[in-house]
Amino acid sequence: MNEMHLALHGVAIKKHAPAAAVAAVVGLSAERTEALLKDAAASGRLMEAQGGYALTPAGRMILDNQYSRFCDALREDAAFIKAYERFERVNLELKQIVTDWQTLEVGGQKVRNDHSNADYDAEVLDRLGDLHERFAPVLAQLVKGLPRLARYGRALEHALEQAEAGKIEWVSEVRIESYHTVWFELHEDLLRVLGRVREE
Amino acid sequence: MTQFLGEFLLAIEGGALPDRNLIGGKAWSIARMRGLGLSVPPAVVITARACTAFLDTGELPPSLAAELDAGIAWLEAASGARFGAGPQPLLVSVRSGAAISMPGMMDTVLNLGINDDTEAALAALSGDAAFASDTHRRFLDLYARIVLKATLPELAEDATPERWRQTIREETGEAVPTDPRAQLLNAVQAVFESWNSRRARKYREHHGIPDTLGTAVTVQAMVFGNLDAQSGTGVLFSRNPLTGEPAPYGEYLARAQGEDVVSGRFTPQPLSALADQLPAVHAELLAAAETLERENGDVQDIEFTIQQGKLFLLQSRSAKRAPPAAVRFAVDMVKEGRIDEATAVSRVTAEQVRVVLSPCVSDADAAAATVLASGEAACQGVGVGEVVVNTDDAERRALAGEQVVLARLITSPDDVHGMLACQAMATERGGTTSHAAVVSRALGKPCVVGCGVDTVTALAGQIVTVDGTRGKIYAGALPVIAPDENADPLLATLIRWAEARSPITVLATPPAGPLLDLNTVSGGEDEDQLPALLPGHTVVKGGAIASERGVRAALAAGVTTLCASPRLPVLLAALEAQRQLQTNTANDK
């Protein structure tokens, strides 16, 4: 990807975010990202509101059309594709773990998990930690093909450690870089790079 | 009596309880159930001393293989089955068990001991070749994931064991042994190795647990609920975990394994089916539930299997409960003399009471309403608004003060800003683990998912009521009712008990005199700012004061009176905050 495409790609993943957050996702410097985003805003590819950037319909079209140009090699990379397929398998597990974190099955019915049962929470968190460790070699394989993805490994590790230290909002809270937030961004990143479509 | 079969190995029987540090929590609870005269599958335990020896030398103690043989022989005698051979094959579960449970330890491997020969024997014994094959597949899957730590593709149900083993070899470069003894030794070693996993080490460091403690390994005979008409499996709650009604509640599935119940492939029957089919076993089960509830002082969730007419209890633990049940358990168990009032109020959380008091659509209104769409209930609660299908429009109109319901085919991170702004949401595709379901629960927004293509998005422009509890989208704006804490006798009782113990007075209406109204103070709705805003005030209302963190901040700042309604969640949060303070003080000493 060239830097402009990379910056727009970052905006697509990190919605309504300031330049610094976009920079962190794509691994460019904050200053460079800021300049690129301002440039894109001036040419109508982005809109800026309350300090955050979002793609305009035209910007989205340009971005989407350019993936095939920049990502062709990766889309042909058998090892990368294989690692991506493993990601999708682990993704099913992750979604189940997050669901189990948010809900309790009580006598056959699903109710909201109010986190009053510490043993249950510890069990689910343990499963998340286990998934995280099993996912490490898969991510390493992905990073081989696309080095900037290493950033997700660090962000996932950070979220997990926060959650393990008792700050439970770091599992699935939407407004922070929780495990689920970061995981979802990684998923979105991979889908865009590989030109695939989310199923649900 | 529990007896040593070697330096490192004990057989678990009734009688005096062995040292919990030596045999770990799981084996200890099996021993305790045996001690209460309850029937559990035979088990042996490798003590934590063997783990310590392994950690010292990096190798299993030389005598362990022979001791495990003695343990297996004991299990064979106790179960009347043979390890790795027919006609009745003995399969075992292998689980880790330290004295203190901690994250990062190895998960349980089930059905260990199966290979082509024992699969054939199991097929002949059960008369069900598909079951035997599935048992084999599930063992290989667990062994590969847990012992070999593989990220495995699904092992296809219709393939052969040879094909499954090949998939595992391709993924991991390692083979699963066919010799049951080798399977067992490898699994034991994997448990010991998991003691030094990153998470286990970190947890011990954080909690000051010595690294030298080590973990025990429990090896327990598997029992089968699908061998004949006198076999089955089920779950029993000592009381109803949904409503709280003080009557046993459960499900039973004749001629089935536990996984059949979980998989949802079969519909379990109510417990009365067991009473009809095997009345003596049913009576024994209810008596066991009563014993366990009394001994543990809490409602129990018991997994059981009946093998050829004999009852086995697999696990008993405090039951997970729906909020209304948490309230009723607490009040009823005090009246029955099983727990005291202080325990009762510690068993109900502020959040559970908020759910009980949360707005809902009445049964009568729901029955009379027109259902426009139905799907899976993803997040409880009720939201009313106009259906909007474009996420940016939904956000813009919500910010302008309109009440909107966001309806999408599916959602993605592109939609989160609209989900934040709307009253409720609905999707056409996806289940309870879909993006929309996960995010709605994180936000606490009522949500129904998987309503079917061209259902909810076709409602654009209509006013609807999204009932995230029932999984329905109703036409029009239905009346939303809010339950009253004072009108409910159970909640009123809890208020009385909580009030008598609360470190802070909680009033529904503000008293006369000076008071801090956080609604009139900048930052008063921000929990992080309360520790700076509260000192010097004794009576406080508004802002974020009624939340758990708000109450904690009030207690720490020396506030004596809070004004909030409903009162019970605040009282329970105050009691919880007080318990935390006491625990922290005790830890500091």
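Predicted model: local features only at pLDDT ≥ 70, side-chain atom pairs only at ≥ 80, totals over all residues.

Biologist: OK, how many helices and strands does chain A have?

Modeller: Eight helices and four strands. Going along the sequence, the order in chain A is α-α-α-β-β-α-α-β-β-α-α-α.

Biologist: And what box do the C-alpha atoms of chain A fill?

Modeller: Roughly 55 × 40 × 30 Å, along the principal axes. The radius of gyration of chain A is 18 Å, which agrees with a compact globule of 200 residues, because that would come out near 16 Å.

Biologist: What about contacts in chain A between residues at least 6 apart in sequence: what share join residues at least 24 apart?

Modeller: That share is 55%.

Biologist: Switching to chain B. Which domains does it get?

Modeller: The assignment gives domain 1 (3-221), domain 2 (232-321), domain 3 (363-475) and domain 4 (489-588). The C-alpha centres of domains 3 and 4 of chain B are 34 Å apart.

Biologist: Can we zoom in on strand β21 of chain B? Which strands does it pair with?

Modeller: β21(B), residues 472-475, runs antiparallel to β14(B), residues 371-374, with three bridges joining them. Ile473(B) is the bridge partner of Ala373(B) there. β21(B) also pairs with β20(B), residues 463-467, again antiparallel, over four bridges. In that pairing, Val464(B) has Ala475(B) as its bridge partner.

Biologist: And what sits between β20(B) and β21(B)?

Modeller: Four residues separate the strands of that hairpin, and Gly471(B) takes a positive phi near 75°.

Terms used. Residues numbered from 1 in each chain as written. Chains lettered and ligands numbered in written order. Domains from an automatic or database assignment. Pairing = 2+ DSSP bridges. Helix = DSSP H or I, 4+ residues; strand = E, 2+ residues; numbered from the N terminus. Rg over C-alpha atoms; globule rule 2.2 N^0.38 Å. Contact = placed C-beta atoms within 7 Å.
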